[in-house]
Amino acid sequence: MRKRVKKKIHKCCLEDVFYEISISSYWRKKLFESSEKSMLIIDKDNLLGINDYLKKQIKRYDLKYYVSVVPHMDAAGWDDWGNNLFYFKFEPVEFSHIVSYSANNPNVI
């Protein structure tokens with residue numbers, strides 16, 4: 001697959017990955033328990049807690065994403081949000097310049 005096409009697919013699926021991981025009890029717990037900057041991988045071999053549609057997309061296009069907890073100051077665009085939240089960073093393994101963040105309440109799993 002051409003790099004340009006793969007990049008578009010990664011961008012398109014990033015929103016779904018962002019959403020699924022942010023609401024998945026399994027992934028939230030795993031991320032809350034991880035240390036800052038440790039990267040977890042979402043790929044065809046690591047799909048627990050993800051809906052079937054997204055599983056199919058990840059397997060079909062062999063997509064790989066890193067998910068990590070980052071400090072508040074590293075979460076671009078979340079400056080107005082509080083320090084009492086956990087910030088998840090999402091990025092395709094092949095295209096680390098494509099990044100998305102979410103703010104997550106650690107009291108809700």
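**Helix packing, sheet and cysteines**

Author: This is a predicted model. Helix α1 and helix α2 (residues 25-33) pack at an angle of about 80 degrees, and their axes are 5 Å apart.

Reader: Why is α1 called roughly perpendicular to α2?

Author: The label covers angles of 65 to 115 degrees. The angle here is about 80 degrees, so α1 counts as roughly perpendicular to α2.

Reader: Which residues make the contact between α1 and α2?

Author: α1 contributes Ile21, Ser22 and Ile23. α2 contributes Ser25, Trp27, Arg28 and Leu31. By class, four are nonpolar, two polar and one charged.

Reader: Now the sheet. What is the strand order?

Author: The order is β1-β2-β3-β4. The sheet is open, has four strands and pairs them in antiparallel fashion.

Reader: What makes β1 and β4 edge strands?

Author: β1 (39-42) and β4 (100-104) each have a single partner strand. One side of each is therefore left without a neighbour in the sheet. From one strand to the next, the twist averages 25 degrees.

Reader: Where does α1 sit relative to the sheet?

Author: Helix α1 (residues 3-23) packs on the sheet and touches β1, β2, β3 and β4. Its direction makes about 150 degrees with that of β3.

Reader: How do you know that β2 pairs with β3?

Author: Pairing takes at least two bridges. Six bridges join β2 (residues 65-70) to β3 (residues 86-92). The two strands therefore pair, and they run antiparallel. Tyr66 stands opposite Glu91 in β3, and Val69 has Phe88 as its bridge partner there.

Reader: How many bridges join β1 to β2?

Author: Four bridges join them, and these strands also run antiparallel. Ile41 stands opposite Tyr66 in β2.

Reader: Why is β2 described as largely enclosed?

Author: Buried means under 20% relative accessible area. Five of the six residues of β2 are buried, so the rest of the structure largely encloses this strand.

Reader: Is Cys12 buried or exposed, and what about Cys13?

Author: Cys12 has a relative accessible area of 55%. Exposed means over 50%, so Cys12 is exposed. Cys13 has 5%. The limit for buried is under 20%, so Cys13 is buried.

Note on methods. Residues numbered from 1 in each chain as written. Predicted model: local features only at pLDDT ≥ 70, side-chain atom pairs only at ≥ 80, totals over all residues. Heavy atoms only, no water. Axes fitted to C-alpha atoms, helices over the stretch in contact; angles between N-to-C directions. Contact = heavy atoms within 4.5 Å. Buried < 20%, exposed > 50% of the residue type's maximum accessible area, 1.4 Å probe, protein only. Parallel < 35°, antiparallel > 145°, perpendicular 65-115°, else oblique. Nonpolar A, V, L, I, M, F, W, Y, C, P; charged D, E, K, R; others polar.
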